[in-house]
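Thanks for coming. Please have a look at it first.

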Amino acid sequence: MTNNISIIGGGIGGLVTALSFDKLNIPYRLYERAESLKEVGAGIWLSPNALQVLEWINPKMLKEIQDAGNIFNRILVADHRLNPISDSSQSFVQEKFGYTTMAIHRGKLQQILYKYVAQEKIELNRTFKAYSKNKDKSLKINFTDGSFVNTNSIIGADGINSNVRKQLFPKSKIRYSGQTCWRGISDYNIENELASVGFTLWGKKLQFGVSKISEGKVYWFAVKLSEPNLIDDKERLKEELTNMFSEFHPLVNNLIVNTPENKIFRGDLSDLELLNKWNSINICLIGDAAHSMTPDLGQGGAQAIEDAYYLSNFIPQYDNLETAYYKFYNYRKPKIEKLVKQSRLTSKIAITNKFIEKIRNFILKKTPESYMKKQMIELYSLDKTIANKV
Ligand SMILES: Cc1cc2nc3c(=O)[nH]c(=O)nc-3n(C[C@H](O)[C@H](O)[C@H](O)COP(=O)(O)OP(=O)(O)OC[C@H]3O[C@@H](n4cnc5c(N)ncnc54)[C@H](O)[C@@H]3O)c2cc1C
């Protein structure tokens, strides 16, 4: 029924789609613009919904990812001096799913995923330019180097600035959140009691997130309200960041000081205005190309991974790709729309003024633990019955 699907983009979403297609014998080729997948980027948190998909693909691969990263036993939101606002032991998550959220170097994760994909189906150094429709309903993909391929279908996994999406839905809009973010990997041995905690410090109109990712390496992110498109003076960057966070717990500045300048990356935070469909006939979007969200819930990558799982399991269940893509969107829409809205709201309440900060902290402290647990279980749940139908 299906043959020759072209995946554009070999980020987390594209690679996990390729791995899922390999598992279900769905024919495809993947085209990624990078010349090689080097160990670049900072860290990423992987929640149990993502880990369940990786386990479904290959338990050995999941184990390799877990061994390369750091597993949390607590997730903590604290004020700027590290006094807890909300502190969630993850033992109930461990009991329910068999593992908890973990953190890993993003480049390391990508390399492990890449290693497990059927290598002959991946083409690096291939930058998608545009598609056109052939007379027989197949599609022609043009690459920027002048080459082209014919294909039955395209999956756009090419991230928030997706060129596939720009051609498919030209009116789609990226919304700047009003916040910019620095991410870094610090050479630092974090105190034992914080080594298994994923935590964020909220306060003073700033936000700072921390997690150990491996021995002697700590991933951090710093968020501030800002005009978009500003560029750092690299030589003064660490001084500016340490001044910015001078009133925070001393750990914050220790982490910044121990980060090599070339391991600090800056990016403005944006999301995508919700689309009311992700496909048109035989072209479908997944991951950030379809539903980029602000990073406040640490769910963008996990949702790209969930997309790969559901999409690959829907394809064999329908006799044409258009129906499978349409059913996939309808199935994913409620969870995705909720998360896009919640992430944006969280980005606003994490960085706020002093008055709202007090009310926010009060409400968070009073939120019943049972409610928080229910929300997390719902977020991390994956429908395994879908895979059983294939
Ligand atoms: C500061 C920050 C922190 C985050 N933290 C987390 C976290 O802790 N947990 C989490 O789950 N998510 C997190 N996210 C979100 C996560 O990074 C994204 O949701 C995730 O990377 C989306 O994966 P993707 O494969 O859809 O897109 P991407 O990761 O953007 O991958 C797109 C791929 O397509 C390729 N590409 C682009 N254009 C072309 C083209 N024309 N031709 C060929 N290839 C192309 C790119 O090179 C890239 O490899 C965070 C995001 C930010 C900004």
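Start at the hairpin of strand 10 and strand 11, where four residues lie between the strands and Gly 146 has a positive phi near 95°. Before I go on, note that this is a predicted model. Strand 11 covers residues 148–151, and four bridges join it to strand 10 in the antiparallel sense. One of the bridge pairs is Lys 140 with Asn 150 of strand 11.

Strand 10 has a second hairpin, with strand 9. There, five residues separate the strands, and Lys 137 is the residue with a positive phi, near 75°. Strand 9, residues 128–133, and strand 10, residues 139–143, run antiparallel and are joined by five bridges. Two of the pairs can be named: Phe 128 is bridged to Phe 143 of strand 10, and Lys 133 is bridged to Leu 139 of strand 10. As a reminder, strands of a sheet pair through backbone hydrogen bonds, either parallel or antiparallel.

Strand 3 meets strand 7, residues 102–105, through four bridges in the antiparallel sense. Within that pairing, Ile 44 has Ile 104 of strand 7 as its bridge partner.

Now two helices. How many of the 10 residues of helix 2 are buried? Nine are, so helix 2, residues 48–57, is largely enclosed by the rest of the structure. The buried residues are Pro 48, Asn 49, Ala 50, Leu 51, Gln 52, Val 53, Leu 54, Glu 55 and Ile 57. The cover over them includes helix 1, strand 3, helix 3, helix 4, helix 10 and helix 13.

Helix 12, residues 354–366, is hardly covered: one of its 13 residues is buried. From first C-alpha to last, helix 12 reaches 19 Å, close to the 18 Å expected at 1.5 Å a residue.

On to the ligand. Which residues come nearest to it? Of the 33 residues around the ligand, they are Gly 9, Gly 11, Gly 159, Gly 287 and Gly 300. By element, helix 1 (12–24), strand 3 (43–46), strand 13 (174–187), helix 9 (288–291) and helix 10 (300–314) each give at least two residues to the shell. Helix 10 gives the most, with four. In composition, the shell has 14 nonpolar residues, 14 polar and five charged.

Last, the chain as a whole. Its secondary structure comes to 14 helices and 19 strands. The radius of gyration is 21 Å, close to the 21 Å that the globule rule gives for 390 residues, so the chain is as compact as a globular protein of that length. Along the principal axes, the C-alpha atoms fill a box of roughly 65 × 45 × 35 Å. Buried residues make up 44% of the 390. Among contacts with a separation of 6 or more, 74% are between residues 24 or more positions apart.

That is what I have; questions, please.

Methods
Residues are numbered from 1 along each chain as its sequence is written. This is a predicted model: local features need pLDDT of at least 70, side-chain atom pairs count only at pLDDT 80 or more; totals for chains, interfaces and linings use all residues. A residue is near a molecule or strand if its C-beta atom, placed from the backbone, lies within 6 Å of it. Ala, Val, Leu, Ile, Met, Phe, Trp, Tyr, Cys and Pro count as nonpolar, Asp, Glu, Lys and Arg as charged, and the others, Gly among them, as polar. The expected span of a helix is 1.5 Å times one less than its number of residues. A residue is buried if 20 or more other C-beta atoms lie within 10 Å of its own, exposed if 12 or fewer, and partly exposed in between; C-beta atoms are placed from the backbone. The radius of gyration is taken over C-alpha atoms; the globule rule is 2.2 Å times the number of residues to the power 0.38. Two residues are in contact if their C-beta atoms, placed from the backbone, lie within 7 Å. Two strands pair if DSSP finds at least two bridges between them.
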